[in-house]
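The following exercises concern a predicted model. Please examine the sequence and the structure before reading each solution.

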Amino acid sequence: MNFLKKIFSDKKNISEPKIIVTDIRLETYDINGNLMSDEEVEKMLELSRNQQAERKKERLNRQKEIDALKSNRNAPSEWLNNFLTTCQKNYENVSYEMIGKLYFEHMNAQREAEKSNDYKKAYMYSQNTFSLIPKFIEGEIKMHGAFDIKSMPSVEFNMKYTSIMGLVGGFKNISEMINYNPELKYLYQEQLSEYEILLDLSKKIRNLVKTNPDILQNTLKKELQNYEPRLINDSCCWMEKFDLLSREKIKNTYKLKLTY
């Protein structure tokens, strides 16, 4: 004990650590590989901080609007209530991770079908995604604290396809889902109103083409003066893509025929 006491009391026997401070400079390069000055780095960091603050503000405002939509929503229809109940039962024991995986698999398959111009198959995949959407949104909130996804291709394509094709029942179903779900309504309430107009317009175009064989597309603009010419042109273009009508180029317009 006396020996240990002697060692720790004798400063000469204790090796004191030496801390050597060196000037370490972190070099930062821009996207082109150029060395950035301290001032440029500080500006970049300030921009990053401002962007993060803006995203946080945007996220809070978004959540406030979603909460307001949630508090003002009506009770689901009988169809939607049965649909949501079935979805909950079918995926009760499925993890959020698996739901997300299935959702993105269907979404990618839908996009591939669109690229191949197989719109019927794309519509089928968009329909398959629907049963996943309620728990997918729930999972995003549980795992990430909020639903920050900016777009849902299955919803967007379904609105377009059902409105252009005149699938009234299908359009009603997607409308009910959007209006009941606050996250979907936040994203698509404006687009839904536009597609409601498109649903009515496509019906009128089909009736005009049916009762006036070989009608010219520019004639539609005279018959449908309550609609923007651009909207009429876009509708005819999508109706052709969806194989609802054919268009034959005649000078600066098209001759239209229903395909079925």
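**Exercise 1. Aromatic pairs**

How many aromatic pairs does the structure hold? Classify the pair formed by tyrosine 119 and phenylalanine 242, and then the pair formed by phenylalanine 157 and phenylalanine 242.

*Solution.* 

Step 1. The count for the structure is 13 aromatic pairs.

Step 2. The ring centres of tyrosine 119 and phenylalanine 242 are 5.0 Å apart, and their planes stand at 65°, so this pair is edge-to-face. The cut-offs applied here are centres within 6.5 Å for a pair and planes over 60 degrees apart for the edge-to-face class.

Step 3. Tyrosine 119 belongs to helix 5 (residues 119–130), while phenylalanine 242 is found in the loop between helix 11 (229–241) and strand 1 (245–250). The two residues are 123 residues apart, and the pair links distant parts of the chain.

Step 4. For phenylalanine 157 and phenylalanine 242, the centres are 6.1 Å apart and the planes at 75°, so this pair is also edge-to-face. Phenylalanine 157 is part of helix 7 (residues 153–164), so its pair with phenylalanine 242 ties together parts that are 85 residues apart in sequence.

**Exercise 2. The aromatic cluster**

Which residues form one aromatic cluster? Are phenylalanine 157 and phenylalanine 242 buried or exposed?

*Solution.* 

Step 1. The cluster is formed by Tyr119, Tyr123, Phe157, Tyr161, Trp238 and Phe242.

Step 2. A residue is buried when its relative accessible area is under 20%. Phenylalanine 157 has a value of 5%, so this residue is buried. Phenylalanine 242 has 4% and therefore counts as buried. Tyrosine 119 is buried too.

Step 3. Trp238 also has a charged neighbour: lysine 241 lies over the face of tryptophan 238, 4.3 Å from the ring centre.

**Exercise 3. The hairpin**

Describe how strand 1 and strand 2 are joined, and name the residue opposite lysine 249.

*Solution.* 

Step 1. Strand 1 and strand 2 (residues 253–258) run antiparallel and are joined by six bridges.

Step 2. Across from lysine 249 stands tyrosine 254, in strand 2. The ring of tyrosine 254 also has the charged end of arginine 247 over it, at 4.0 Å from the ring centre.

Step 3. The hairpin has two residues between the strands, and lysine 251 takes a positive phi near 55° there.

**Exercise 4. Positive phi in loops**

Where are asparagine 117 and aspartate 243 placed, and what is the phi of each?

*Solution.* 

Step 1. Recall the general rule: most residues other than glycine have a negative phi.

Step 2. Asparagine 117 is placed in the loop between helix 4 (96–115) and helix 5. Its phi is positive, near 60°. With a relative accessible area of 53%, asparagine 117 is exposed.

Step 3. Aspartate 243 is placed in the loop between helix 11 and strand 1. Its phi is positive, near 65°. With a relative accessible area of 46%, aspartate 243 is partly exposed.

**Exercise 5. Cysteines**

How many disulfides does a search of the whole structure find?

*Solution.* 

Step 1. The search finds zero disulfides.

Step 2. The cysteine sulfur closest to that of cysteine 237 is in cysteine 236, at 8.8 Å, which is too far for a bond. The cut-off for a disulfide is 2.5 Å between sulfur atoms.

Step 3. Cysteine 237 counts as partly exposed, at 24% relative accessibility, whereas cysteine 87 counts as buried, at 8%.

Terms used. Residues are numbered from 1 along each chain as its sequence is written. This is a predicted model: local features need pLDDT of at least 70, side-chain atom pairs count only at pLDDT 80 or more; totals for chains, interfaces and linings use all residues. Side-chain values use heavy atoms; hydrogens and water are left out. Rings of Phe, Tyr and Trp (its six-membered ring) pair if their centres lie within 6.5 Å; planes under 30 degrees apart count as stacked, over 60 as edge-to-face and the rest as tilted. Helices (H or I, at least four residues) and strands (E, at least two) are DSSP runs, numbered from the N terminus. Buried means under 20% relative accessible area, exposed over 50%, partly exposed in between (1.4 Å probe, protein chains only). A charge sits over a ring if NZ of Lys or CZ of Arg is within 6 Å of the ring centre and within 35 degrees of the ring normal. Two strands pair if DSSP finds at least two bridges between them.
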